[in-house]
Amino acid sequence: MTDDERRTRQPLSMTRRYRRGLILTGLLCALAVLTAATVLFQRSYAERIDNYLMQICHGYAAAYEAQDTHSATTLLNLLPENLPLRITLIDTDGTVLYDTKRGSYIVDVNGDIYAAQTDLPNHADRPEFQQAMASGSACITRESETLQLETHYYAVRIDLPEGAQVLRVGEDVANIWGLSTDTLPLLCGAVVLILLAATLFSWWLTRRMVQPINHLAEHLDTIEADVPYEELIPLARTIQTDRKLREDNETMRREFTANVSHELKTPLTSISGYAELIETGMAKPADVPTFAARIHKEAQRMIALVSDILQLSELDDSTQASHSREPVTEMAPVDLAALVKETAQNMTVNARRAYVTLQYDAKPATVRGSRDQLSELTQNLCDNAIRYNRPGGHVELRCGVGGDGCPYFEVEDNGIGIPQDSQTRVFERFYRVDKSRSKATGGTGLGLAIVKHIALLHDAKIDLQSQVGTGTTIRVTFPKNS
């Protein structure tokens with residue numbers, strides 16, 4: 001699926017999905033319960049039939065065995081009229097002596113009843129006859145020719161002086177398909193009722209579930225405090241964090257735009273004023289070199305400001321890419337001691353102009369990162385220490401490996417220091433503790449902001465210790481090399 005298709009695709013309705021799921025679950029549960037109930041009922045019913053047939057069979061067998069004569073007529077005289085069960089008497093060789101369903105009887109002139117010969121085939125191959133002859137009794141269930149019926153047989157062997165006979169009792173009962181057919185209207189009615197109940201319940205439940213979520217969307221300011229479900233806590237935190245980040249970014253953007261406009265407007269106004277004086281001839285020939293020098297100074301200030309803004313923008317992009325795990329800067333081992341020596345050499349002229357002594361103590365240390373960015377970090381920190389110092393002051397650059405095994409870079413000065421209430425803000429863009437001093441020394445207010453972003457890209461921590469009138473120490477600690 002393409003991005004355009006994802007954007008144009010309509011989102012699914014959670015309410016509808018929940019309702020369909022609940023209705024389908026209710027229907028499946030109803031069918032499963034009804035099926036299980038039918039199976040269990042049929043099984044229980046079959047066991048009761050088998051027990052009933054066993055009692056009947058043993059009762060008639062005992063009565064038949066107690067008679068003086070043992071024939072089909074004897075059995076017929078023991079049976080009541082209109083017996084619903086099928087009773088069969090089978091001889092030792094499997095010959096059917098009498099069967100209540102297929103046999104007949106004769107009444108003579110004296111009123112005596114005689115059993116007539118049945119036309120049933122030999123039952124020697126029937127499993128109930130074979131099992132009864134072998135073990136004394138048998139309980140067999142056979143499917144009838146009709147799919148909805150099954151026949152239950154119970155047979156018992158009767159040991160007589162003239163030979164063994166088998167008495168069999170059988171009954172046709174409805175199987176599970178027959179029971180399902182008989183109860184089909186009831187099952188359909190139950191399913192309809194369950195569907196109605198599931199529909200009403202799903203409507204009520206989804207409304208209760210979705211309503212707090214809709215309420216949550218209407219109160220984004222307090223989203224974390226009003227989370228209705230535990231599963232939504234990560235989503236609420238993400239929304240709150242993203243919302244706060246967007247607000248902070250918007251505030252930062254407005255402040256940045258205002259600061260850039262202000263910082264650019266001041267030198268542009270100065271350049272425009274001096275250039276107009278020269279252009280209109282209002283400037284004296286003797287003042288032209290002075291005005292040109294001022295124009296050049298303000299232009300250099302603008303170039304430095306634009307350069308810092310562009311560099312800060314690149315660092316912002318690199319920081320966002322690092323958060324998305326996209327490497328934009330090639331990391332390589334950097335000799336921190338060599339970098340400190342190089343920075344001290346490059347900043348010596350600036351230190352002499354400010355009448356500040358610059359020293360360094362470079363112990364062996366290696367950092368994995370971008371050499372250009374780390375060079376920018378050390379030079380900005382050193383430049384700030386010189387810029388905000390007093391004539392006769394000193395600045396010392398140090399590097400090495402701490403007791404915890406982490407490389408560090410440190411800048412210490414005995415300059416004017418930073419007030420306590422400003423120490424948390426000095427790394428913000430365009431923030432200046434002493435604005436008049438910054439403008440006098442040509443600072444853009446972006447140096448420490450650049451330092452902060454470079455430290456973030458190298459997973460480094462910045463520690464600032466400062467006291468007004470005593471000096472400032474800034475230490476950048478890098479991760480331990482693996």
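**Ground rules.** I'm working with a predicted model, where local features need pLDDT of at least 70, side-chain atom pairs count only at pLDDT 80 or more, and totals for chains, interfaces and linings use all residues. Residues are numbered from 1 along each chain as its sequence is written, and side-chain values use heavy atoms, with hydrogens and water left out.

**Entry 1: the sheet.** I looked up an open sheet of five strands, and its order reads β2-β1-β7-β6-β5, with antiparallel pairing. Strands here are DSSP runs of E, at least two residues, and helices are runs of H or I, at least four, numbered from the N terminus. Two strands pair if DSSP finds at least two bridges between them. Which strands sit at the edges? They are β2 (96-99) and β5 (137-143), each pairing on one side only. On average, neighbouring strands are turned by 20° against each other, direction ignored. (Axes are lines fitted to C-alpha atoms, for helices over the stretch in contact; angles run from 0 to 180 degrees between N-to-C directions.)

I then followed β5 to its partner β6 (residues 149-160): they pair in the antiparallel sense over seven bridges. Cys139 stands opposite Tyr154 in β6.

**Entry 2: the helix.** Helix α4 (residues 127-135) lies across β1 (86-90), β5, β6 and β7 (163-174). Contact means heavy atoms within 4.5 Å. The helix runs at about 165° to β5.

**Entry 3: salt bridges.** Side chains of opposite charge can pair when their charged atoms come close. I count a salt bridge when a side-chain nitrogen of Lys or Arg is within 4 Å of a carboxyl oxygen of Asp or Glu. The whole structure has 11 of them.

One joins Glu128 and Arg168 at 2.7 Å, N to O. This pair links helix α4 to strand β7, 40 residues apart. Are these two buried or exposed? Glu128 is buried at 1% relative accessibility, and Arg168 is buried with 1% too. (Buried means under 20% relative accessible area, exposed over 50%, partly exposed in between, with a 1.4 Å probe and protein chains only.)

**Entry 4: a network.** Glu396, Arg398, Glu410, Glu412 and Arg475 are linked by salt bridges. Glu396 meets Arg398 at 3.2 Å; Glu396 is partly exposed at 21%, while Arg398 is buried at 16%. Arg475 is partly exposed at 26%, and Glu410 is buried at 11%.
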